[in-house]
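Here are my notes from a first look through this model. Come along and check each entry as we go.

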Protein chains: 2
Amino acid sequence: MESRNDYRRLPADEVRCVVAGVLEACEVPAEDAAVVAEVLVCADLRGIESHGVSRLIPYYVDGIRAGHLNPRARPSVQRSVGGLFAMDGDNGLGHVVGKATMNRAIEGAWEHGIGMGAVGNSNHFGIAGYYSAMALEHGMIGFCLSNSRPLVMPTGSRKAVLGTNPLSIAIPAGRHAPLLLDMATSGVPIGKVEVKRRRGEKVPRGWGADSSGRPTEDPAEIIGGGALFPLGGPRETAGYKGYGLGAVVDILSGVLSGSSFLTSVLAGADPGASGVGHFMGAMRVDPFCDPGEFAERMDWFIDELRGAPLAVGEEEILIAGDPERRLEEENHRLGISLHRDVWNAIAELASELGVEGVQ
Amino acid sequence: MESRNDYRRLPADEVRCVVAGVLEACEVPAEDAAVVAEVLVCADLRGIESHGVSRLIPYYVDGIRAGHLNPRARPSVQRSVGGLFAMDGDNGLGHVVGKATMNRAIEGAWEHGIGMGAVGNSNHFGIAGYYSAMALEHGMIGFCLSNSRPLVMPTGSRKAVLGTNPLSIAIPAGRHAPLLLDMATSGVPIGKVEVKRRRGEKVPRGWGADSSGRPTEDPAEIIGGGALFPLGGPRETAGYKGYGLGAVVDILSGVLSGSSFLTSVLAGADPGASGVGHFMGAMRVDPFCDPGEFAERMDWFIDELRGAPLAVGEEEILIAGDPERRLEEENHRLGISLHRDVWNAIAELASELGVEGVQ
C-alpha cells in the first residue's frame with residue numbers, strides 16, 4: 001500500500017532543471033528539453049501525477065534510447081489554408097511538437113481570427129490542458145485534442161479499440177480565473193482502476209467491462225482482458241455519446257492528420273513510432289463580440305454557476321479547472337509531490353549522465 | 001398507455017406542405033416557412049419525434065401568436081474577422097436563423113478554410129444535426145452547438161441550471177455514410193424520463209437526481225423538483241465531464257454570442273424572447289490533407305470500428321448517425337410516423353387557417 005511517506009516535496013524549479021538536464025544528456029536540444037520539462041512539471045503542479053515527471057524515463061528517455069522517438073525532431077508545416085494547417089511532428093517529443101503547433105495556431109489566429117493545426121507523426125505530449133491554456137495569455141479561446149493508445153471499448157464491443165482520447169478547452173474570463181476543461185473521453189482513466197485494484201476495492205458500475213463486454217465492479221476484470229467504458233458507461237446510461245466523442249477526437253487527431261488511429265496508435269507498421277496525432281487551435285473573441293463584454297459575461301456565468309443551490313452533502317460548485325488550479329497554488333508554495341521511487345530513479349539516472357543540480 | 005395504433009404514417013411531402021402552409025398563414029414568408037417545415041420533417045424522418053412537427057403548434061405557432069417570436073425576422077451579420085462572424089437572429093424562428101448562419105459559415109469556409117458563427121437572439125431550432133450535416137454536401141466537416149432551457153444540474157448542485165445543450169458534428173467519409181454525432185450533453189433527454197414515468201417503470205441510476213440532488217431511480221422525483229444529470233451521471237461516474245461539456249456549449253452559444261445563458265434561457269428580462277444562442281460552422285478538409293485520402297482513411301476507420309469483436313449479446317457496432325439514417329430510409333419509404341393527436345391538431349389548425357392539401 002502506498003502512503004504519504006512514500007512521497008517527498010521538491011521545488012518545481014529544481015525538478016524542471018534536473019528533468020531538462022537528463023533530456024539534454026539524451027541528445028535533446030536545450031530549448032526542447034526545457035519545453036518537455038516545463039510541461040511535465042506543470043502536470044505535477046496541477047496534481048496530474050500520471051502525466052508528470054513519473055513518465056520521463058519510461059515514455060521519453062527509454063523511447064529515445066530505443067530509437068522510437070526522434071530527440072532532434074523539427075516539426076514542420078506541410079500545407080495550409082488561411083489559419084488552418086497540417087503539421088508533421090517528425091516523430092519528436094509530443095511536448096515540443098504540441099507547443100510549436102499551438103504557437104503557430106496563435107499566430108494564425110492573430111492574422112485570420114482562428115488558427116488550427118492537425119498534427120501527425122507525434123508522440124505522447126503530456127496534459128492536453130497545457131496547450132489549450134497557451135491561448136489564454138493572448139486573451140483567446142484555446143482547444144486541444146489528442147488520440148492515445150487503445151483502452152476504451154466502443155458501445156457494443158468487448159475490445160479496447162479507442163484511446164481515452166482527451167479533449168481540452170480553455171476560455172478566458174474577467175476577474176475570475178479562466179475555465180479550463182481537460183478531460184479524457186473515457187469515464188475514468190485506467191490509473192483510477194489500478195488504484196482500486198491495489199486497494200482491493202470495487203469500482204462503481206459504469207467504469208468498465210469484463211472481457212465479454214459486460215459491466216463489472218471488479219477492477220481486476222477491467223484490467224485483465226476487459227476495457228474502460230467511454231464517458232456515460234454502458235448503453236443504458238448513454239455511453240454511446242462518450243464513444244461518439246472519443247471517435248470524433250480520434251478522427252480529427254489521427255485520421256485528418258494522416259497519422260495512426262484506433263488500434264494502430266502505438267502499434268503502427270513502423271515498430272516504435274507511435275503515430276500519435278493531435279488537433280489543436282486558438283480563436284480570438286473579438287470576431288464575435290467585444291472582449292471586455294465577453295469577460296464580464298463570463299464572470300456572470302461563473303458567478304451564477306457557483307451560486308446555484310447546493311445538493312445535500314455538497315460544499316461548493318466547482319468550475320472546470322478549479323481543482324487543478326488550487327493544487328497548483330499549493331504546490332508552487334510547498335513544492336511538487338513526487339513518489340520516492342520516481343524521484344530516486346530520475347536522480348540516479350541524472351548522476352549517471354553527469355547532470356548537475358541533483359540533491 | 002401509448003400504442004402503435006395511436007400513430008399513423010403520412011408521406012413526408014404532404015406533412016412538409018401542410019406545416020409550411022400553417023406557418024405562411026401565421027405571417028412567415030414562404031421561403032422561411034419551407035425551411036422550418038424541412039427541418040421539422042427531417043427530425044421526424046430521422047425518428048427524433050421530440051424535435052419534429054409535434055413542436056409546430058406549442059413552440060412556433062403559439063410563440064408567433066403570443067408575439068414572442070418574430071415571424072418575419074431577418075438575421076444579420078453584426079461583425080466578422082476572416083471566416084468568423086457574429087449573427088443576430090432578430091428573434092426569428094431558429095431554423096431560419098440556423099440555416100442562414102450555416103450557409104454563411106460554408107461561404108466563409110470556401111474563402112478562408114473555415115467559417116463559424118456565434119448566433120444570439122434566436123429561438124429553438126429543432127435538431128442540431130440538420131445544420132452540421134449541411135456541410136457534408138460541400139465535402140466539409142460541420143458542427144453545431146446550441147443552448148436550451150435549464151433541465152440539467154451541474155455537479156454539486158440540486159438545481160437545473162444548465163440546458164441539455166446539444167452538440168453535433170458531421171464528418172464525411174468515402175464509400176461509407178458520413179459520421180453524424182448529434183447528442184445532448186445530458187445523459188438522457190427529459191422525454192425519456194417522462195416515458196418511464198408514464199409506463200410506471202424505474203430509470204437506471206445515473207439519469208437524474210431528486211430535489212435534494214441525490215441520484216434516484218424514480219422518474220417522478222426527477223421531473224417533480226429534481227433534474228437530469230449531465231452525461232456521466234453523478235460525480236462517481238464522472239458526471240462533472242458532462243457538466244463541463246454542457247458549460248462549454250452554453251458559453252460558446254450564449255455567452256460569446258451576447259445572448260442568454262444558464263437560467264436566463266427562455267426566461268430573459270424581455271418576457272417572451274427566449275434569447276437562445278447557437279454556435280456553428282464548417283471546415284474544409286484540404287487545409288489538412290488530401291480529401292480523397294481523407295475519405296479513404298475514414299472508410300478504414302469505420303470498417304475497423306464495425307469489425308471490432310462484439311460484446312456478449314450484441315449484434316453489431318454502430319457508428320454515430322447509423323440509427324437515424326436507417327429510420328430515415330424506412331420513413332422515406334413508408335411515410336413518417338406521427339401521433340394521431342399531433343396530426344389531428346395540425347390538420348384542424350390548417351383547415352381553420354384555410355391551408356390546402358390537408359387529408
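I began with a pairing: β5(A) and strand β8 (residues 167–171) of chain A run antiparallel and are joined by 4 bridges. I count strands as DSSP runs of E of at least two residues, numbered from the N terminus, and two strands pair if DSSP finds at least two bridges between them. In this pair, A:Gly142 has A:Ala170 of β8(A) as its bridge partner.

A note on ground rules: this is a predicted model, where local features need pLDDT of at least 70, side-chain atom pairs count only at pLDDT 80 or more, and totals for chains, interfaces and linings use all residues. Residues are numbered from 1 along each chain as its sequence is written, chains are lettered from A and ligands numbered from 1 in the order written, and side-chain values use heavy atoms, without hydrogens and water.

Next I looked up the other pairing of interest. Strand β13 (residues 276–283) of chain A is antiparallel to β5(A), with 6 bridges between them. There I found A:Gly281 of β13(A) opposite A:Phe143.

Is β5 buried or exposed? I found 6 of the 6 residues in β5 (residues 141–146) of chain A buried, meaning under 20% relative accessible area with a 1.4 Å probe, protein chains only. A:Ile141, A:Phe143 and A:Leu145 point one way, while A:Gly142, A:Cys144 and A:Ser146 point the other. In a regular strand the side chains alternate between the two faces of the sheet.

Terms used
Buried < 20%, exposed > 50% of the residue type's maximum accessible area, 1.4 Å probe, protein only.
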